[in-house]
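Here is a friendly briefing to read alongside the model. Have the structure open and follow the topics in turn.

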Amino acid sequence: MLTDDHKDWGYASSTGLGFTHQEIVEAHFRACAPQYRAALDRVGIRPGWQVLDAGCGSGAFLPWLAELVGPTGRLSAVDLAAENVGLVTELARRERLEAPLEARQGDVLRLPYEDNSFDAVWCANTTQYLGDRELELALAEFIRVVRPGGLVAVKDLDAGLITARPADPFLFTDFFRRAGGSPGYAHQLLRARDLYRRLSAAGLGSVRQHTLLIEHYAPFDAAVQRFYGLACARVAEQALAMGGTEQWQAFTDPEAPDNPLRDPQAYISEGNVVAIGTVPG
């Protein structure tokens, strides 16, 4: 299903995909929780709806989704990693979600649900792992399982807005320009602001898109320091392996006192995009 270069980025779940392990996913969620909630709130999910979280991971969005649909709604969750089904089931028990939940193992390219099963599909931080043709197939599946007039919402990272200080302002830009020049994970991380075009091409109507700049200023809290320290170290390893500038060396050890993210005036940003379309008919 997916290209091998995803595996080189580290922190993989049983799927072998980089940055999908529960530890790194939950660190990222905690670091960006307010902006993630803002993205979800733009979708327009209503009480009583039946909603699918497609590519649910360990289930971080599910308590918010349960809050939106309420006790008269219903949630379903599907993920490629078998262990995430157990994590989601445990989360539902522990958090006592406001809506009933059913979790399954499955592939977003072949969803295990009947046509017109849901009022909305929410897919967060998942399309970055799909090649261009796979993204087309996933969107077709989302449309298939949502009733006419329902919503398909896709949220993902926009690597074009990643930058850090103190560092060369073009350090990350140059890396993603080089790494994203051919098909693969880096290319897919740069695709987020084209999601509205992809949703329109898939046949969705009334497509709207919102881009959120996520900024962190030192002193970072523990979640921000941990996630971005680990993530930048993996990107630095990739950049150095590709012959990148020695400036990347400072990012390779998240605990090093000279790591730029430990500077008293450190700054890091990323972008998130959420695109929403209506199923026709």
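Predicted model: local features only at pLDDT ≥ 70, side-chain atom pairs only at ≥ 80, totals over all residues.

## Strands, helices and a pocket

Leu151 stands opposite Thr278 in β7.

- Seven strands make up an open sheet with mixed pairing, in the order β3-β2-β1-β4-β5-β7-β6.
- At the edges are β3 (101-105) and β6 (205-217), each of which pairs on one side only.
- From one strand to the next, the twist averages 15°.

**Helices across the strands**

- Helix α4 (residues 132-145) lies across β1 (50-54), β4 (118-124) and β5, and its direction is at about 145° to β5.
- Helix α8 (residues 222-241) lies across β6 and β7, running at about 90° to β7.

**The largest pocket**

- The volume of the largest pocket is about 150 Å³.
- Ten residues line this pocket, and Glu26, Ser58, Ala60, Leu91 and Arg94 are the closest to its centre.
- Which helix gives the most to the lining of the largest pocket? The answer is α1, with four residues.
- Both α1 (22-41) and α3 (82-95) supply at least two residues of the lining.
- By type, the lining residues divide into four nonpolar, three polar and three charged.

Key: Residues numbered from 1 in each chain as written. Heavy atoms only, no water. Pairing = 2+ DSSP bridges. Axes fitted to C-alpha atoms, helices over the stretch in contact; angles between N-to-C directions. Contact = heavy atoms within 4.5 Å. 1 Å grid on protein atoms, 1.4 Å probe; cavity = no way out; pocket = protein on both sides within 12 Å on 5 of 7 lines; lining within 4 Å. Points joined across faces, edges and corners; volume = space filled by probe spheres on them. Nonpolar A, V, L, I, M, F, W, Y, C, P; charged D, E, K, R; others polar.
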